[in-house]
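Colleague: Could you walk me through this model? I would like to go over it piece by piece.

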Amino acid sequence: MRHVKYTNSANFHCLEHLSETSMDLYLIHVGKETCSPGHAYGPSGRDEYIIHFVISGKGIFTTHGITYHLKANEMFLIRPDEDIFYQADTEDPWSYFWIGFNGIMTKKLLNSCGFSKKSPVLPIANIETVKSLVSQILDASHLTFSHELKRKAFLLALFSYLIDSHQDLNASSKNKYEHNSNTYVVQAIDYIKQHHSLGINVSDIADYIGISRAYLNRTFQKELGISVQRFLVDFRMHKAANLLVSSNSSINEIADAVGYDDALAFSKAFKKKFNFSPKNFREHKDIARHYKEKQLVDHQQDFY
């Protein structure tokens with residue numbers, strides 16, 4: 001039987017002894033604390049992984065004989081069975097959120113976030129997003145299956161955000177990716193051509209190639225002068241124009257064929273692109289015949 005402990009006071013908000021059911025990733029404790037000047041922990045070790053997210057103030061964190069000076073918008077990782085010490089500043093003590101967790105996925109998740117034994121301290125791109133997600137974990141404090149699912153969902157969302165942030169923060173590094181921007185653009189266009197009917201979005205394209213959304217967008221701006229989203233919509237609209245001319249499919253069928261499950265949204269996007277509704281476009285054969293699947297704007301044609 002679990003004995004979950006929930007504490008909610010002015011300076012200390014904590015949900016602990018959770019021991020969730022999933023072996024892939026499970027939450028052990030989560031909390032928020034406004035520390036008093038000089039408040040310290042250690043030297044000691046912990047049995048689980050813990051990430052502290054500093055939301056204000058300053059403090060120090062020592063691991064493997066190295067002391068890191070932290071401030072707001074930074075986070076530090078404690079690994080199991082490592083001797084660590086951390087302490088709030090005596091003049092400007094920190095406040096932080098934390099999560100304690102473990103599971104089979106942990107090492108992969110932490111590596112994807114950018115943590116390593118040489119990099120136990122990392123920046124936080126947007127502390128407000130982190131605060132919101134951890135707060136929602138804390139708010140799901142009931143020992144019910146519903147709240148357990150909520151805690152797991154927000155924990156996964158938190159890691160997803162940290163991974164995306166790490167990729168975006170490092171996208172500008174010259175050695176981040178192995179290939180030149182032209183290669184990634186060609187890969188993205190091939191993926192769009194093959195999967196545009198499945199309702200894919202920019203995140204799907206970036207994930208398939210293995211680069212961040214931000215970097216993918218920069219490659220399109222560099223090579224084509226437009227965003228990935230603009231290219232994707234243009235491709236779908238020209239594909240739809242071609243189907244309107246060459247087939248007797250209904251508007252709903254064509255919308256579905258180019259990745260729109262909402263025919264109204266498709267019609268609005270089509271009219272925005274061509275200044276004609278799909279129905280009127282089909283009726284104006286003299287205009288419609290100029291549009292074929294591969295006739296995207298001139299600066300895109302080299303990639304077909």
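Modeller: Gladly! Let me start with a term we will need: a cavity is a set of grid points where a 1.4 Å probe fits but cannot get out, and its lining residues have an atom within 4 Å of a point. Please keep in mind that this is a predicted model.

Colleague: Thanks, that helps. Which residues line the largest cavity?

Modeller: The structure holds one cavity of 30 Å³ or more, and about 50 Å³ of space lies in the largest cavity. By class, its lining has two nonpolar, three polar and three charged residues. The names are Thr63, His64, Leu77, Arg79, Glu82, Ser116, Lys117 and Pro120.

Colleague: Let's step back to the overall fold. How many helices and strands does the protein chain have?

Modeller: The chain has 304 residues, and 43% of them count as buried. Among contacts between residues at least 6 apart in sequence, 68% join residues at least 24 apart. As for the elements, the count is eleven helices and eleven strands.

Colleague: Which residues have the most contacts inside the largest nonpolar core?

Modeller: That core has 30 residues. The elements that give two or more residues to this core are β3 (26-34), β5 (49-56), β8 (74-78), β10, α1 (106-113), α2 (127-139) and α3 (145-170). Apart from it lies another core, of 21 residues, with Leu216, Phe220, Phe231 and Phe235 among them. Back in the largest core, the residues with the most contacts are Ile51, Phe53, Ile99, Val130, Phe159 and Leu162.

Colleague: What does leucine 162 touch, leaving out residues up to four places away in sequence?

Modeller: Leucine 162 is one of the residues with the most contacts inside the largest core. Contact here means heavy atoms within 4.5 Å. With sequence neighbours up to four places away left out, leucine 162 touches Phe53, Met75, Cys113 and Val130.

Colleague: You mentioned a cysteine there. Is cysteine 113 buried or exposed, and how many disulfides does a search of the whole structure find?

Modeller: Buried means under 20% relative accessible area. Cysteine 113 has 2% relative accessibility, so it counts as buried, and cysteine 35, at 6%, counts as buried too. A disulfide needs a pair of cysteine sulfur atoms within 2.5 Å. The number of disulfides found in the whole structure is zero.

Colleague: Now threonine 90. Which residues does it touch, not counting those up to four places away in sequence?

Modeller: Threonine 90 is in the loop between β9 (84-88) and β10 (95-102). Exposed means over 50% relative accessible area, so threonine 90, at 56%, counts as exposed. Its C-alpha atom is separated by 8.1 Å from that of histidine 39, 51 residues apart along the chain. The residues that threonine 90 touches are Pro37 and Gly38.

Colleague: Is histidine 147 buried or exposed?

Modeller: Histidine 147 is found in helix α3. Not counting residues up to four places away in sequence, histidine 147 touches Asp139, Ala140, Ser141 and His142. Its relative accessible area is 13%, which is under the 20% cut-off, so histidine 147 is buried.

Colleague: Last one. What distance separates the C-alpha atoms of glutamate 223 and asparagine 182?

Modeller: Glutamate 223 has its place in helix α6 (residues 213-223) and is partly exposed, with a relative accessible area of 27%. Asparagine 182 is 41 residues apart from glutamate 223 along the chain. The separation of their C-alpha atoms is 6.6 Å.

Conventions. Residues numbered from 1 in each chain as written. Predicted model: local features only at pLDDT ≥ 70, side-chain atom pairs only at ≥ 80, totals over all residues. Heavy atoms only, no water. Buried < 20%, exposed > 50% of the residue type's maximum accessible area, 1.4 Å probe, protein only. Helix = DSSP H or I, 4+ residues; strand = E, 2+ residues; numbered from the N terminus. Core = buried A, V, L, I, M, F, W, Y, C linked by side-chain atoms within 4.5 Å. 1 Å grid on protein atoms, 1.4 Å probe; cavity = no way out; pocket = protein on both sides within 12 Å on 5 of 7 lines; lining within 4 Å. Points joined across faces, edges and corners; volume = space filled by probe spheres on them. Nonpolar A, V, L, I, M, F, W, Y, C, P; charged D, E, K, R; others polar.
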